[in-house]
Amino acid sequence: KVREQLSGSAIKAFIKIAGQWDLSEAQARGLLGGIASSTFHAWKSEPQKQKLSQDTLLRISLVLGIYKALHIYFGGKWADRWVTLQNRGPMFAGAKPVDYMIRQGQPGMFQVRRMLDAWRGGR
C-alpha cells in the first residue's frame, strides 16, 4: 500500500531530476536498474498508475539524495552537470559518475551518496 502511494510521486521526481541532469533515456533507465524502454514510457505517461518495486523506490531515493547533496555542495549549474562530467577521482577513474552508478548498481549509488554527504559535511 505504501509503495503504491509513493510510486507516482517518486516517478515524477526522478523524471524531473533526469531532465535537469540531461540524462539520455538509456542512462535514466540504467539508474532504475535497466528497465525496458516500454516500461519507462509507461511510467512517464501514467505515473500515478504504477506500483514500483522496493528496489526501484530505493534507487529513486538514492538519486534524490544525490541530487540534494549536489545542490547543497555545488549549487546551480555545476550541481546538475556533475553526474555527466568525467571525473578523475579515485572512485570514478575518469568515468562519468552516472556511468559508474549504472555499472555498479545500487552499491555504487550508495557509494556516491555517501561520498557526497561526506563532502557537504554529513556522515
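The legends below describe close-up views of a predicted model. Residues are numbered from 1 along each chain as its sequence is written, and side-chain values use heavy atoms, with hydrogens and water left out. In this predicted model, local features need pLDDT of at least 70 and side-chain atom pairs count only at pLDDT 80 or more, whereas totals for chains, interfaces and linings use all residues.

**View 1. Helix α4 spans residues 54-73.** Helices are DSSP runs of H or I with at least four residues, numbered from the N terminus. Buried residues (under 20% relative accessible area; exposed is over 50%, partly exposed in between; 1.4 Å probe, protein chains only) of α4 include Leu57, Ile60, Tyr67 and Leu70. Gly75, with a positive phi near 75°, follows α4.

**View 2. Phe74 and Trp119 form an edge-to-face pair.** Rings of Phe, Tyr and Trp (its six-membered ring) pair if their centres lie within 6.5 Å; planes under 30 degrees apart count as stacked, over 60 as edge-to-face and the rest as tilted. Here the centres are 6.4 Å apart and the planes at 90°. Phe74 lies in the loop between α4 and α5, and Trp119 in helix α6, 45 residues apart. Phe74 is partly exposed at 33% relative accessibility, as is Trp119 at 35%.

**View 3. Trp82 and Phe92 pair edge-to-face.** Their ring centres are 5.7 Å apart, with planes at 80°. Trp82 is buried at 7% relative accessibility, and Phe92 is buried at 3%.

Technical notes
Helices (H or I, at least four residues) and strands (E, at least two) are DSSP runs, numbered from the N terminus. The expected span of a helix is 1.5 Å times one less than its number of residues.
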